[in-house]
Amino acid sequence: MNQDIRFVQRETLKEKPDPASLGFGQFFSDHMFVMDYDLKNGWHDPRIVPYGPLTLNPSSMVFHYGQAIFEGLKAYKTEDGSIQLFRPEKNMKRLNDSCDRLCIPQIDEQFLLKAIKQLIYIERDWVPSGEGTSLYIRPFIFSTEAHLGVHPSSEYKLLVILSPSGAYYGSQLSPVKIKVEEHFVRAVVGGVGHVKTAGNYAASLKAQEVAEADGYAQILWLDAKENKYVEEVGSMNIFFKINGEVITPKLNGSILPGVTRDSVLQILKHWNVPVREVKISIEEVFAAHERGELEEVFGAGTAAVISPVGDLNWNGNTIVINNEQIGEISQRLYDTITGIQLGKIADPFQWTVKIEAAETTIS
Ligand SMILES: Cc1ncc(COP(=O)(O)O)c(C=O)c1O
């Protein structure tokens, strides 16, 4: 795809939010990227336009049959003031995997990445620079054909919106309380759990609501068939350090293959820390704790990077991990990944992608 991206500039720019009050997903930048699909033209009319409401037909298929997918990645401001992305090609690839599973036409990954870079370059003043802050990037696609009837839509919209986000943690990582879900399930093998469809998150809301009311930050999902094997947390993949070895559930078709998960695996191998992707039951995790061998538990995802788990509740029993203190591996991984993202330390894996002015010309 080699189309020029049209730019319609906003007349008056918005006031930027106070960097201290950013939180997550509350503020959106001045412009957004939009592109349409129909059978005659394929993906067409790529444009960067003022951020604002959309007009949709009430019979747009997305409202009825849920053909909606999304991605989440971040842009970081480095110490020298430049802006960089972290492994964005992985998110582009996962977006296409989601397209494939939901019968949405494939996108040109390189073209979309170029469009995202152009958008961020235009919105460069929206990339916050405070400790732990970033510009969250949300690409998403949904069906727009005005038609009732269950079949793949013949029309779609792809958008990218940007949201400055605050530090996930205050001055230091703080361990969270997690509840192992015993009643509800997130995804089944053969379903859509391995891709990023909006419906996965809709399906998780009830369990999350109950867990939050009970004082837990997030849920640890088990497999849907036997309610036995560990899958992942609400928006993170999960890792256990047992007797010196780091273990994470093997991708099985119902777990989302996280970019952070893959980065953690590569870094641990690089450090020669024993690491394995295995099918692990929650019973084995609790048994390891019983033996005094469960040294660390942590989640890994774009939002929190590394999130140490301090308490794990299953079947009415709560185990306390590492005295609710941050484990050594969790801290080291957090420092390394954020260090690479912010350009503070060397990037031996060549994961970061700079946003350069030269690549971002607009027609
Ligand atoms: C269900 C789920 N699992 C895992 C992750 C972690 O993925 P990533 O590291 O790509 O952010 C996410 C976040 O996108 C998620 O929503």
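**Exercise 1.** Determine which atom of the ligand is 2.6 Å from an N or O atom in the side chain of threonine 302.

*Solution.* An oxygen atom of the ligand is 2.6 Å from a side-chain N or O atom of threonine 302. This pair is a polar contact (N or O atoms within 3.5 Å). A polar side-chain atom of tyrosine 201 is 2.5 Å from a ligand oxygen atom, and for lysine 196 the corresponding distance is 2.6 Å. Taken alone, the ligand exposes 380 Å², of which the protein buries 96%; these areas follow the Shrake-Rupley method with a 1.4 Å probe.

The model is predicted: local features require pLDDT of at least 70 and side-chain atom pairs pLDDT 80 or more, while totals for chains, interfaces and linings use all residues. Residues are numbered from 1 along each chain as its sequence is written, and side-chain values use heavy atoms, without hydrogens and water.

**Exercise 2.** Is threonine 260 buried or exposed?

*Solution.* Threonine 260 lies in helix 5. Its relative accessibility is 7%, so threonine 260 counts as buried (under 20% relative accessible area; exposed is over 50%, with a 1.4 Å probe and protein chains only). Threonine 260 is 84 residues from valine 176 in sequence and 18 Å from it in space, C-alpha to C-alpha.

Methods:
Polar contact = N/O pair within 3.5 Å; in protein donor to acceptor, adjacent residues only side chain to side chain. Helix = DSSP H or I, 4+ residues; strand = E, 2+ residues; numbered from the N terminus.
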